[in-house]
Amino acid sequence: MSFWNIPWLEITILTPLLGALLTSGVREPARGHAWGLAFTGAALIAALIGWLGFQLHGRTDGGAWSLEHRFFANHFFAIDELNLPLIPLVALLHFLTSLATTRTKMRRYSTTWSLAAESIRLAAFSCKEPWLLISLISIGVLPPLIEMLNRGKPSRVFVLHMSLFIVLMTLGWTFVDSSDNRRTQTAWATLPLMLAILVRCGAVPLHCWVTDWCENASFGNALLYITPLVGVYAAVRLVLPIAPDWTLRAIGIISLLTALYTAGLGTVQRDARRFFAYFFLSHASLVLVGLELHTPISLTGSLCLWLSVTLSLSGFGLVLRALEARYGRLSLNQFHGLYDHSPTLAICFLLLGLGSVGFPGTIGFESAELLVDGAIEANLYVGIGVVIASALNGIAVVRVYFLLFTGKKHSSTINLEIAPRERIAILALASLIVLGGLFPQPVVNSRHLAAESILRDRESRIPHSETVSVFTEELENE
Amino acid sequence: MTDHLDWIRLLGLVVLCAPVLLMALMGISSLIGRKLSEPMTAKIFQAAFSIGFIASLAILGLMLANNEEHVVIELGNWVAIDSHTSAHSSSHAHYHFVVKIVFDRLSVPFAILTYMLCGTIGTFAVKYMHREVGYNRFFTLYALFVLGMVMTSLAGTIETLFTGWEMVGLSSALLIAFFHERPAPVRNGLRVWIVYRVSDAALLLAAVVMHHMSGEGDFDRLLGAGPWPEGKAAISGGQALIVGFLLLFAAAGKSALVPFSGWLPRAMEGPTPSSAVFYGALSVHLGAFLLLRVSPILETSIWLSAAVVVLGLTTAVFAYLAGSVQTDIKSALSFASLAQVGIIVAEIGLGFRYIALVHLLGHACLRTLQFVRAPSLLSDYRLLENAMGSRLPSSTGPAWRFIPAPWRPWLYRFALERGYLDAILTDYIAVPFINLFTWFDKQERRWTRFLSGEKTEEANPSAPPAGRIEELP
């Protein structure tokens, strides 16, 4: 048996699950955290080996050693062009979030539930089977919800929206015609699916669960639940290949409005967590805008933006989390003047925030360029909307930087500088977005291959005339 | 390739890489928490600037000696997408982001000017900022600014120009807020950032639209292959009008032309060296530089050229009036700069490109000198008055005599309030925007409260964080 025949993908998924089982009995938070770190680290290593295996040999299944193959004679989980970077990315986010957890947060941050959530999330991102994917995304709601309930926080808004998402997703997929015939799906199938995606991605007016979630969940938990963009993954796997153009057009328009609306809201926020929620929503919606245009360039830009947003906003969130660990909940009603106490956090805040809005030298820059290029190719007004949303997000992030780090002199007798483990976690993410920005070609190549694969899939399932972008059609008509 | 072209290529890389390395060194040392000492910072800074300046002068010498007017150096595709398969038969996937630098009659003088002024002022700042708390921060941002300026000057594609443009914007805003323990500089920095961001959005749109029109973002394709300023734009009058107005909007934001002029006096909150080089010399001329670079596009539409002239002249008149009544030297100088920028823009609109370029270069040098002398103005006045044995004569400007007496108080108020431009932008754009979204936010909170049945948890600024801090490892 060769090294590459080991089922690394299954090991990636099962390692955190095993960790969750083993740490469930550990009562001492620091010990539980150390174990959690070890398991998330092991999952990350396995994910990276899996990624390398796919890159070098195209191996995805683990051959005869695969447990799936042994027990079910089938492969439910596989690496392909789309999820190739997403699986190690999710593992990395879990590892870094765990690494950056300070002792103050260890009691709040449940290692067991976090590991369980990681396992489910990794499984979801590895899964292509529709029903299994729907089940995994649905089950994925439970660990963070249980953690929130354990902390005695209000969860009704979250439960309402996630229940609606699960019901709509299940209902929609029930009506999907999965036969091999190239045909347009009925509205009974596509409408619930479209609504489900809009709920999970936080599209206006179904977005308030995201702000509520960010305000009430522990920040680490909130980050890990929203930043990998599971809703977008569901959209690509389940909706994009089969949805008729009107569905994509509706998702695109609603996403664009959401991006603009939440970008505007981000500029007037008085609370750092709510700001983060709107900032995230705007970016997540921009990713959806690119996807729904489904031209090769916009799709490539959107997939690049997905990576960029996940990396940047996770890092950005970790900086906010580190600040909260020192100063409590951060109000944006006044200047805090924290720069002199935490200069590294200030620099990283700005770097990661600007990275997410596409500042030159970061991975977001090329993603934004591609997205705007693709959007303008499809429709000038969509392009203008994307640019305006991006400009508003840029204003919002610098406004918050000024409010948190400048404006007055914060006095404290205690050293409030970033802790070494936090520094490693945040700098790792900052380095990735800068490296991705300086050398974007490998990322763009990988995402372009994924985009082509998605479009091929769509072309094989939908009559050819409908694969043309709706916006392109309009443009041609004009 | 002939020998001298190889040399120009090599030197071009030096010109571009000097600020890149400086920025990387300063940035990484700050990020990992190992700040460079003041003498070390000064040495590295001076070395990088000397090398860049000498290399740019050498390029000029080589070009003059070999009668080269237009040298393009292609550094390769930063990003390129070509369809791997014919998966999506309905539309082709083709995208290139080429990194290309151009040495011509416009870029070489501007790059030399950048190195000369930034180097001189940087050396001045080594002493001026001595023992300032944010010494390293100042030079890191200064390095970012220089990198942005050099990239913008030498850009051979609209995307490369946009990259530099954004760097200049960010470094300017952060340097205005340099004394960040006071709220006023920070507010002004944010204000400038907002205007820059809007201007950046216009430039980005223009860049993408131009990219689509010609299939590439290269200036050679867009503006004709001839050496500047002889190019002919490869787009129609209608297309030029759309792109041109976007570019004019971007230039207006960056160069503080009307109606964005209000940010210029606000920018004076930053340290004097950065004010001198940014708002006296380089940054404030960047809009004019952009218009010079794309001047073949302006030529294709008479309406566009007319708009440029009108905007330039309006700005010049406005800046003259506002500058006449300023009571602090830096604001007076900033409006004097703006008046000249307005005239330069009008010259560009009228098609006098060489005059505009020479005007720009001369004005930048003179104004920088005035800015760095500004803090010692009182001392200079005292010296003069002592030498004369009397007070310096003060007189109203020549135009004042031609203004009817009833108009004078109104005009004075208009000038003192800086044309109410800031107030108009605030009252009619910023405040309604904030009110609208604050109202949305309020409704969202009510809706969430209704759904959850509980009040949303908000940050409480009065909550003491001490208990949490003490638990840190």
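User: In chain A, how many residues of domain 1 are in contact with domain 2?
Analyst: In this predicted model, 13 residues of domain 1 of chain A are in contact with 19 residues of domain 2 of chain A.

User: Which elements supply the domain 1 side?
Analyst: Helices α4 (86–99) and α5 (103–106) of chain A each supply at least two residues of the side of domain 1 that touches domain 2. The largest share comes from α4(A), with five residues.

User: And how do the residues on that side divide by class?
Analyst: The side of domain 1 of chain A that touches domain 2 of chain A divides into eight nonpolar, three polar and two charged residues.

User: Where do the two domains of chain A run?
Analyst: The domain assignment gives residues 1–130 as domain 1 of chain A and residues 243–478 as domain 2 of chain A. Their centres, taken over C-alpha atoms, are separated by 25 Å.

User: What is the secondary structure of chain A?
Analyst: Chain A has 22 helices and zero strands.

User: What box do the C-alpha atoms of chain A fill?
Analyst: Along the principal axes, the C-alpha atoms of chain A fill a box of roughly 70 × 55 × 45 Å. The radius of gyration of chain A is 21 Å, which agrees with the value near 23 Å that a compact globule of 478 residues would have.

User: Staying in chain A, how do α16 and α20 pack?
Analyst: Helix α16 (residues 296–327) of chain A packs with helix α20 (residues 420–438) of chain A at an angle of about 155 degrees, and their axes are 9 Å apart. Because of that angle, α16(A) is roughly antiparallel to α20(A). The crossing of α16(A) and α20(A) is left-handed.

User: Which residues meet there?
Analyst: From α16(A), the contact includes Ser308(A), Leu311(A), Gly315(A) and Leu318(A), and from α20(A) it includes Glu422(A), Ile426(A), Leu429(A) and Ile433(A). By class, the contact of α16(A) with α20(A) has 10 nonpolar, four polar and one charged residues.

User: Over to the interface: how many residues of chain B are in contact with chain A?
Analyst: There are 66 residues of chain B in contact with 75 residues of chain A. Elements of chain B that give two or more residues to this side include α1, the strands β1 (70–82) and β2 (94–104), and helix α18 (421–452).

User: Which element gives the largest share?
Analyst: On the side of chain B that touches chain A, α6(B) gives the largest share, at 16 residues. By class, this side of chain B has 35 nonpolar, 19 polar and 12 charged residues.

User: Within chain B, how do α1 and α2 cross?
Analyst: Helix α1 (residues 3–31) of chain B and helix α2 (residues 38–65) of chain B cross at roughly 160 degrees, and their axes come within 9 Å. That angle makes α1(B) roughly antiparallel to α2(B). The crossing is left-handed. Residues of the contact include Trp7(B), Leu11(B) and Leu22(B) of α1(B), with Phe45(B), Ile51(B) and Ile59(B) among those of α2(B).

User: What about α3 and α10 of chain B?
Analyst: Helix α3 (residues 107–128) of chain B and helix α10 (residues 272–281) of chain B pack at about 160 degrees, with axes 8 Å apart. Therefore α3(B) is roughly antiparallel to α10(B). The crossing of α3(B) and α10(B) is right-handed.

User: Are the residues of that contact polar or nonpolar?
Analyst: The contact of α3(B) with α10(B) has 10 nonpolar residues, one polar and no charged. Among them are Ile121(B) and Phe124(B) in α3(B), and Pro273(B) and Val277(B) in α10(B).

Technical notes: Residues are numbered from 1 along each chain as its sequence is written. Chains are lettered from A and ligands numbered from 1 in the order in which they are written. This is a predicted model: local features need pLDDT of at least 70, side-chain atom pairs count only at pLDDT 80 or more; totals for chains, interfaces and linings use all residues. Axes are lines fitted to C-alpha atoms, for helices over the stretch in contact, and angles run from 0 to 180 degrees between N-to-C directions. Helices (H or I, at least four residues) and strands (E, at least two) are DSSP runs, numbered from the N terminus. Angles under 35 degrees count as roughly parallel, over 145 as roughly antiparallel, 65 to 115 as roughly perpendicular and the rest as oblique. A crossing is left-handed if the near helix is turned anticlockwise from the far one by less than a right angle, and right-handed if clockwise. Two residues are in contact if their C-beta atoms, placed from the backbone, lie within 7 Å. Ala, Val, Leu, Ile, Met, Phe, Trp, Tyr, Cys and Pro count as nonpolar, Asp, Glu, Lys and Arg as charged, and the others, Gly among them, as polar. Domain bounds come from an automatic or database domain assignment. The radius of gyration is taken over C-alpha atoms; the globule rule is 2.2 Å times the number of residues to the power 0.38.
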